[in-house]
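Dear colleague,

Please find below the structure that I am handing over to you. My notes on it follow directly after it.

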Amino acid sequence: MNDVGPIPDSMDNSFEAPPLTLGQMAWLRFRRHKMAMFGAVLLLFLIMYSFLGAFIVTEDYANQTNTSIRLSAPSSEHPFGTDTIGRDILARTIYGGQISLVIGFSAVIVMILMGILIGSLSGYFGGKIDAILMRITDAIISIPRIFLLLVMAKFFGNKIPDIELIGRTFSGSVIVIVLVMGLTSWMPLARIVRAEFLSLKNCDFVFAAQATGTPTWQIIFKHILPNSIAPIIVAATLGVAGAVIGEAYISFLGLGVQPPTATWGNMIEGAYNHIESAPWLWIFPGSFILLTVLSINFVGDGLRDAFDPRSRSI
Amino acid sequence: MISSSTIQSKPLVKVEKLAKHFPVTKGTIFSKKTGILKAVDGVSFQISAGETLGLVGESGCGKSTVGRTMLGLYQATGGSVEIGGHNIGSATGKEKAIIRRSSQMIFQDPFSSLNPRWSVNAIVSEPIRVHKIIKGKKAREERVAELLDLVGLSKRYMNRFPHEFSGGQRQRIGIARALASEPQFIICDEPIAALDVSIQAQVVNLLEDLQKKLGITYLFIAHDLSMVRHICTRVAVMYLGIIMELADSDQLFEDPRHPYTQALLSAVPIPDPEIARERERIVLGGDVPSPINLPGGCRFHTRCPIAREYCSRLAPVWRELKTGHWVYCHEVEPRFLPNE
Amino acid sequence: MENLKTLLDVNDLNVRFHTPEGIVYAVNGATFKVYEGETLALVGESGSGKSVSMMSILGLIPLPPGEINGGPAFYRNRNLLTLPEKDLIAVRGKEIALIFQDPMTSLNPVLTMGRQLTEAVIKHYHVTKSEARKKAMEFLELVGIPEARGRFSNYPHQFSGGMRQRVMIAMMLALKPSLLVADEPTTALDVTIQAKIVDLVKDIKQKIGMSMIWITHDLGVVAGLADRVIVMYAGTVVEEANVDDLYKKAKHPYTIALLAALPMINSRRGAERLKTIPGSPPNCHHLPTGCAFAPRCDFVQDQCWKCIPPLESVADDHFSACWVDVKTGALRS
């Protein structure tokens, strides 16, 4: 019976190198992507700037007005200059960054939850459930986003209370914006997740789980979902960029977080009348947005390559 | 060794007139049913405990669909399946769980039958967890080690992932998973088709050893007829959704009666150049008809070398030629025509 | 064999691939000949190098990451390995025809079969379109596709696997090649279709007098088709013999083990346990030191681990790469 016994090590030559988990392989592939690494480092820097910078300047300082030095160009005292009512722009970019980034990441969490929920149920069950969910998805996609934002902003406007987080008070409008961004951006992800589920649910390992008697929810969330992580992660990273930009333009429409609380978006809005005369008003917050989005896109590129199931090489 | 002449009063597996039809639709938004694909169209057989029934046929004959419908992975359109006395179609709750525990499946493709994100331990222990056979992580791990040992894999591999293994090793992992719930009945759906020749023998020997050791009953679905003869007690030959001939393994291969079986066997390549030169081949004309548009009467008549005029009008009767040797054909001696 | 002309003469072919995971040694010193008018079977399991060796000779391997050393590989008297691209394409088009396992990848899914076939005919026969259509239909009938006229306007996906292979053969017929290289053409097909295709190919071979190289792992098909057989393992030729000698008097332990692992359809059930080859196929990330089959060989000796056995003549027209005489179990003198 020696051919059924354990394969002796001398004959077993499939483990030459220490085995790598799929996660490790993905990380190694990501590391080789120079732009992605650059983007990751840049993103890390931006996050540290916004959150650790709070230890250097206080929020009060960021909101401190001083009309005598209004609209002054960058100087040693105010490296990024001052805005229309004399507030230090550097400090405001720090605190503004916190809000913009928090909005970005939180909106993405909402987006992911909605997208996964709808997409997985739709893809796995098919039939009527799929039809209904997908028609809802289509309906929401076809409504212009700005319209939805306006309506939701108006509706939720003053109904959500402020919350305390990481030592500062976030006005209720932040939550509204997070919800609005999240609830208007989950649709493409839902479609992607649905597509993944449609193809994965016919895989033999799903049949095997069904034959074993594994409960359906386990099949959906423990079997199939982990195999569709790749497009979800990519969509999520890009979603952060989308949310940061989204915050910028709804602020520009005047529907975003209201001053004195700073966000990168409403800082640009405040520069509306001084575009040429005081460019530092919009250059700095604008650059931060640009750098954030750029770095996220690079990271997203790298992640997409890293998780490409077709390449089994490192 | 079991031979079908041993009369089993109560077979372990009883399949009666099993049918699985798939609707063929056209259009995406308002889909219209344009036809029915009769993948399985009335299949009946029994398997006694400890026996291995082979189910063979060419692609599109429905043999894989039979296996999956038997386990309830597809909802049967008609007929019934009884495993260990429990009817799959009408089972609910507890009974269903018992059936799931007692019948398992081994799949053809070693690459898609294991979840690439799960470790070997997670994969093999899943049935144990789901059926709550052993409680406690440590105890389950020990059982997984035992199962891996049973299939010839070292327990060192427990925390590795499928992509690190070869095809043959993955099949072993799949077998270990099938054994984890201590089943009485395992459906092997082309388990060796995707493996190298030298590995196929390893896996087949393993399956046979496990049968001897644990008394498992197998349904062996395959298209490699040489391997089927080696491992199966009885063999059923399928064509376009129904069984054409069913007999003891040796009987079928030495004295095939149905013209389709005869043609099939004459086409099987034999690794012996002398025999290959001398053989007579029975060539089947035409192509396999579409299972959406089945020929009338006997569905084999369009390609049958001995078809008569009435074969296109009258469907044959499933009849027993001699003990344990059944055939679906008018013309096989003694001829038998159903009443019109 | 002295009377037959040599069509293909491959010497010491080495092919390796540079992958991010390391070097893959696909072919390690393969040497063989193909004679005019014969059917040669190139047999091996996955990783044996059987496909790669032929594909590299024909210039179908991308050259990075592939790297070809050794050779020469003469077709008639031209070294295919050093031929400029243009000439290689001409040889492939005119004299050497190829059919693959999956015809879908060789056929354009958006063009009708008729059109593809007609184009192939025009390219090689330089006739008018209507003449080409007629010829194309003749070829389709020759390969046994019923109602050829009607199926002319069908698309590849409307044909079954077996039919598509027939169309591939028809296209290949249009070339009237001297050599047909078939890479596992029937592996994915049912047994009855496979038998028909094999018959068809044999028939055509006789009609137009071409030579054939049939790459496969199926020893059953080989027995019914080949004149001579070459067995490959771990990128090198381990045995070469005519078909009767190989099956009845195999000399290399791998061939013997492979044949023993096959269930015979005419042996009674349960008669014998299948004899297996222990272990797994070789790891092609390492160049073997010594014989690559040593870890799995029943007849292994000390020498086998140290030196790679050369391919030597062990009988009339019968070559084996092994240090051991399997009859006695001792080292060959």
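**Helix packing in chain C**

In chain C, helices α4(C) and α7(C) are roughly parallel to each other, a term used for angles under 35 degrees, with over 145 counted as roughly antiparallel, 65 to 115 as roughly perpendicular and the rest as oblique. This is a predicted model, in which local features need pLDDT of at least 70, side-chain atom pairs count only at pLDDT 80 or more, and totals for chains, interfaces and linings use all residues. Residues are numbered from 1 along each chain as its sequence is written, while chains are lettered from A and ligands numbered from 1 in the order in which they are written.

The axes of α4 (residues 113-125) and α7 (residues 161-175) of chain C come within 8 Å and cross at roughly 15°. Axes here are lines fitted to C-alpha atoms, for helices over the stretch in contact, and angles run from 0 to 180 degrees between N-to-C directions. Helices (H or I, at least four residues) and strands (E, at least two) are DSSP runs, numbered from the N terminus. The crossing of α4(C) and α7(C) is right-handed, that is, the near helix is turned clockwise from the far one by less than a right angle, anticlockwise being left-handed.

On the α4(C) side the contact is made by C:M113, C:L117, C:A120, C:V121 and C:H124, and on the α7(C) side by C:V167, C:A170, C:M171, C:A174 and C:L175. Residues are in contact if their C-beta atoms, placed from the backbone, lie within 7 Å. The residues of this contact between α4(C) and α7(C) comprise 9 nonpolar, 1 polar and no charged. In these classes Ala, Val, Leu, Ile, Met, Phe, Trp, Tyr, Cys and Pro count as nonpolar, Asp, Glu, Lys and Arg as charged, and the others, Gly among them, as polar.

**Sheet and domains of chain C**

Chain C has an open sheet of 8 strands in the order β7-β8-β9-β3-β10-β11-β13-β12, with mixed pairing; two strands pair if DSSP finds at least two bridges between them. Its edge strands are β7 (96-99) and β12 (312-315), each of which pairs on one side only. From one strand to the next, the twist averages 25°. Within this chain, β8 (residues 179-183) and β9 (residues 211-216) pair in the parallel sense over 5 bridges, and the bridge partner of C:V181 in β9(C) is C:I213. Helix α1 (residues 50-57) of chain C lies across β3 (39-43), β8, β9 and β10 (228-233), running at about 140° to β9(C).

The domain assignment, which is automatic or from a database, divides chain C into domain 1 (6-95 + 181-193 + 209-331) and domain 2 (103-176). The C-alpha centres of these two domains of chain C lie 32 Å apart. Their contact takes 6 residues from domain 1 and 4 residues from domain 2.

**Sheet of chain B**

In chain B, 4 strands form an open, antiparallel sheet in the order β2-β1-β4-β5. Strands β2 (32-47) and β5 (86-87) of chain B stand at the edges with a single partner strand each, so one side of each is left without a neighbour in the sheet. β1(B) and β2(B) pair in the antiparallel sense over 12 bridges, whereas 5 bridges join β1 (residues 13-26) to β4(B), also antiparallel. B:V13 stands opposite B:I47 in β2(B) and opposite B:I83 in β4(B). β4 (residues 78-83) of chain B pairs with β5(B) over 2 bridges, where B:E82 stands opposite B:N87.

**Interfaces**

Between chains B and C, 35 residues of chain B are in contact with 35 residues of chain C. On the chain B side α6(B) gives the most, with 6 residues, and the classes are 18 nonpolar, 10 polar and 7 charged residues. Between chains A and B, 24 residues of chain A are in contact with 34 residues of chain B. Helix α9 (residues 204-212) of chain A gives the most to the chain A side, with 8 residues.

**Backbone exceptions**

Most residues other than glycine have a negative phi, and most peptide bonds are trans. The peptide bond from C:P64 to C:P65 is cis, with omega near 0°, and C:P65 lies in the loop between α1 and β4 (66-70) of chain C. Another cis peptide bond joins B:E333 and B:P334, with omega about -10°. C:R76 has a positive phi near 55°.

With kind regards

Terms used: Two residues are in contact if their C-beta atoms, placed from the backbone, lie within 7 Å.
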